[in-house]
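This report describes the packing within one protein chain. Please consult the sequence and the structure shown below while reading.

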Amino acid sequence: MNELAISPKEHGVLRLFALDMRPEEAKFLREPGAAGQVLGVDGLDPSHIDVFPVSDLEDLGLYGYLTEGCGVSADQLDRNALSSVEGWVMVLRSAAFNGHPATLNPDPRLRLIGLFTEEATNWTGGTIETESAKPFSAPQTVTAGDAPRRVGSAMMVLVALLITGGILWLIL
């Protein structure tokens, strides 16, 4: 397989690999650093790498996993091609590289099935036109002053003095 270059600014990209290896070897890729060994790169974040048998997805399948679980749009996927994938797979997210550039040189037992992009959230919004959204549109409240706080403080001091006096009277 050719080398795969990873840009330092890459974000939201998923790489799906089929694993042509025994189940024990595939399970071992879940260990920290193991996936990096077969991909030919160090320092991957294992929390952004999923290794699992396709059979674990049951009725959901790889198509459902990618669309519903990973946020890949359906127009990027070929349902028939994904349903023909069997055995173990590895999903490698861009976040696994921690923003560092990398060049993947995968083991021959890894076969790249596809490169997909996650749908990004659109954080833009229009301007709000309502009256309540305008600055200083809230009704102005008149402050009553400090009198209620002073009365409450005076009451607390009086209660504290009575309790202290009562304790001293009992002791003496």
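## A buried arginine

Arginine 15 is located in strand β2. The model is a predicted one. Because its relative accessibility is 5%, below the 20% limit, arginine 15 counts as buried. Its side chain makes a polar contact of 2.9 Å with the side chain of glutamate 10.

Beyond residues up to four places away in sequence, arginine 15 touches Ala5, Ile6, Glu10, Met90, Val91, Leu92, Ser94, Leu104, Leu112, Gly114 and Leu115.

In soluble globular proteins, nonpolar side chains tend to be buried together. Here the largest nonpolar core comprises 23 residues, and those with the most contacts inside it are Leu19, Leu39, Met90, Leu92 and Leu104. At least two residues of this core come from each of β1 (4-6), β2 (13-19), α2 (34-39), β3 (49-53), β4 (88-93) and β5 (102-104). Helix α2 gives the most, with 4 residues.

Apart from this core lies another, of 17 residues, including Leu77, Leu82, Val89 and Phe116.

## Leucine 19 and leucine 29

With residues up to four places away in sequence left aside, leucine 19 is in contact with Ala26, Leu29, Val51, Trp88, Val89, Met90, Arg109 and Leu110.

Is leucine 29 buried or exposed? Leucine 29 is buried, because its relative accessible area is 5%, where the cut-off is under 20%. Under the same exclusion of residues up to four places away, leucine 29 touches Leu19, Met21, Ala34, Ala35, Val38 and Val51. The C-alpha atom of leucine 29 is separated by 61 Å from that of proline 139, which is 110 residues apart from it along the chain.

## Helix α3

Helix α3 spans residues 61-69, and its buried residues are Gly61, Leu62, Tyr63, Gly64, Tyr65 and Leu66. These buried residues pack against β2, β3, α4 (79-83), β4 and β6 (110-117). Glycine 71 follows α3 and has a positive phi, near 75°.

## A nonpolar surface patch

Which residues form a nonpolar patch on the surface? The patch is formed by Val159, Ile163, Ile167, Leu168, Ile171 and Leu172, which together have about 660 Å² of accessible area.

Valine 159 belongs to helix α5 (residues 147-171). Its relative accessibility is 42%, so valine 159 counts as partly exposed. An α-helix has 3.6 residues a turn, so residues three or four places apart point the same way.

Note on methods:
Residues are numbered from 1 along each chain as its sequence is written. This is a predicted model: local features need pLDDT of at least 70, side-chain atom pairs count only at pLDDT 80 or more; totals for chains, interfaces and linings use all residues. Side-chain values use heavy atoms; hydrogens and water are left out. A nonpolar core is a set of buried Ala, Val, Leu, Ile, Met, Phe, Trp, Tyr and Cys residues joined through side-chain atoms within 4.5 Å. Buried means under 20% relative accessible area, exposed over 50%, partly exposed in between (1.4 Å probe, protein chains only). Contact means heavy atoms within 4.5 Å. Patches are made of residues with over 30% relative accessible area and no salt bridge: like charges are joined within 9 Å, nonpolar side chains (Val, Leu, Ile, Met, Phe, Trp, Tyr) within 5 Å. Accessible areas come from the Shrake-Rupley method with a 1.4 Å probe; for residues, only the protein chains shown count as cover. A salt bridge is a side-chain nitrogen of Lys or Arg within 4 Å of a carboxyl oxygen of Asp or Glu. A polar contact is a pair of N or O atoms within 3.5 Å; within protein, one must be able to donate a hydrogen and the other to accept it, and residues adjacent in sequence count only if both atoms are side-chain atoms.
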